[in-house]
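Visitor: Please show me the sequence and the model, and then take me through the side chains.

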Amino acid sequence: MDQKKIEYLHKAYLEGSLDPVEMAEWDALLKSDLAEQPVKLFMEETWHSILPEERMMLSSEESGRLYDRIISQARKKSVRLWPKIAVAAAVASITLGVWFYTSDSGFLKGERDGMASASDIAPGKNRATLTLANGQTVALSDGKTGVVVDHGLVRYSSGTLSSGSLKGGTDTAGRDVVHALAGVEMLRVETPRGGTYQVVLADGTHVWLNAASSLKFPSKFMGAERRVQITGEAYFEVASASLPGRMKKQPFIVESAGQEVTVLGTHFNINGYSDEPAVKTTLMEGSVRVKSGTNVRTIRPGEQAVNNGAELKVLKVNTALVTDWKEEAFNLEGADFRVAMREIARWYDIEVVYDKSVPQDIEAWGWISRKSRLSSVLNLIENSGQVKFRFEGKKLYVYK
């Protein structure tokens, strides 16, 4: 059979347009030693013609599992077996709506549904608690994005609440109130794994809290400084220009994991999770001074102070990779793979377990919304070809 005939049969089979006679020819062709190499080449061309974003519909683990199932189907029919790339091309063709292999067996749908259900965890959302000075804890509404400390009240900053979910009624302006302050109180807003929330402090400073983080702050800043404490990760936009004269002179100080960051007015991010090897303070605007013990460094926009407890060094960084979480995205372009996976684990509240085959120094690549379900994020990473995943309960196993 000549090359053009083989090419025609291959293309028509992918399109599902073979008539019975041609289907018989195709079946005979698959069992023929003579046509094996041309068919492999055509199928590899099919695979490479698929756009990357379309390939992402199929993870490497899905390809492998489907390959094993297809082999068992092929053996029953005495059809010759092709290499995995050919099978991947066939399966990718199915995901693009092309009829490949036999649909009545039902194994394709079962395998894809099984993988999706195992890792199809919903993304995190607005979730946090407010702890009052008396120790009382208030669950903040997931229908809101944040709270504001304003004129003796802690109130919601945005969103819509049903009348039955108000925590403290409404003020005279009809705004939803979480807590009425009796005086100056120490408050704490805390997010769980899979949660995020915003806080606007009494001076107008805006704070974004990432998952598994907390912010401790006074309801009103008194004395010579404005001091707050964080755990986990937070992004700050510190108020300065609009402050009254006395408050403008109060330095804003953030305590986190054994260090202090002092500012007068600026935008910066602090990542101080306990499972990270160092506290990272990254500056977007202005200037800040980072102090850890006797080590003191001043950083400028685009720089990051890395504090591992023993030393404090300053690096130039791509700030977009640092603040991606605030922009509701995972920006993994050249990111350290294990650092990226810790961020993903916190957002989807899962545990990541590494097989010893996974190298320590690989990078992650790609960009995806943090509003995506977990399965989409994992497919993006698997598309790099460096790792594959397997789920058991809430444990995600990673393999080379």
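Guide: A charge sits over a ring if NZ of Lys or CZ of Arg is within 6 Å of the ring centre and within 35 degrees of the ring normal. The model is predicted, so local features need pLDDT of at least 70 and side-chain atom pairs count only at pLDDT 80 or more, while totals for chains, interfaces and linings use all residues. Residues are numbered from 1 along each chain as its sequence is written, and side-chain values use heavy atoms, with hydrogens and water left out.

Visitor: Which residue lies over the face of Tyr354, and at what distance from the ring centre?
Guide: The ring of Tyr354 has a charged side chain over its face. That residue is Arg338, and its distance from the ring centre is 4.0 Å.

Visitor: How many aromatic pairs does a search of the whole structure find?
Guide: Rings of Phe, Tyr and Trp (its six-membered ring) pair if their centres lie within 6.5 Å; planes under 30 degrees apart count as stacked, over 60 as edge-to-face and the rest as tilted. Searching the whole structure on that basis gives a count of six.

Visitor: What is the angle between the planes of Trp208 and Tyr235?
Guide: Strands here are DSSP runs (E, at least two residues), and helices are runs of H or I with at least four, both numbered from the N terminus. Trp208 belongs to strand 9 (residues 206-209) and Tyr235 to strand 11 (residues 226-237), 27 residues apart. The two rings are edge-to-face, with centres 5.6 Å apart and an angle between the planes of 75°.

Visitor: Why does Phe236 count as buried?
Guide: Buried means under 20% relative accessible area, exposed over 50% and partly exposed in between (1.4 Å probe, protein chains only). Phe236 counts as buried because its relative accessibility is 0%.

Visitor: Why is helix 11 largely enclosed by the rest of the structure?
Guide: Helix 11 covers residues 374-382. Among its buried residues are Leu374, Val377 and Glu382.

Visitor: Which side chain makes a polar contact of 2.8 Å with that of Glu276?
Guide: Glu276 is in the loop between strand 14 and strand 15 (279-285). A polar contact is a pair of N or O atoms within 3.5 Å; within protein, one must be able to donate a hydrogen and the other to accept it, and residues adjacent in sequence count only if both atoms are side-chain atoms. The side chains of Glu276 and Arg346 are joined by such a contact at 3.4 Å. The partner at 2.8 Å is Arg342.
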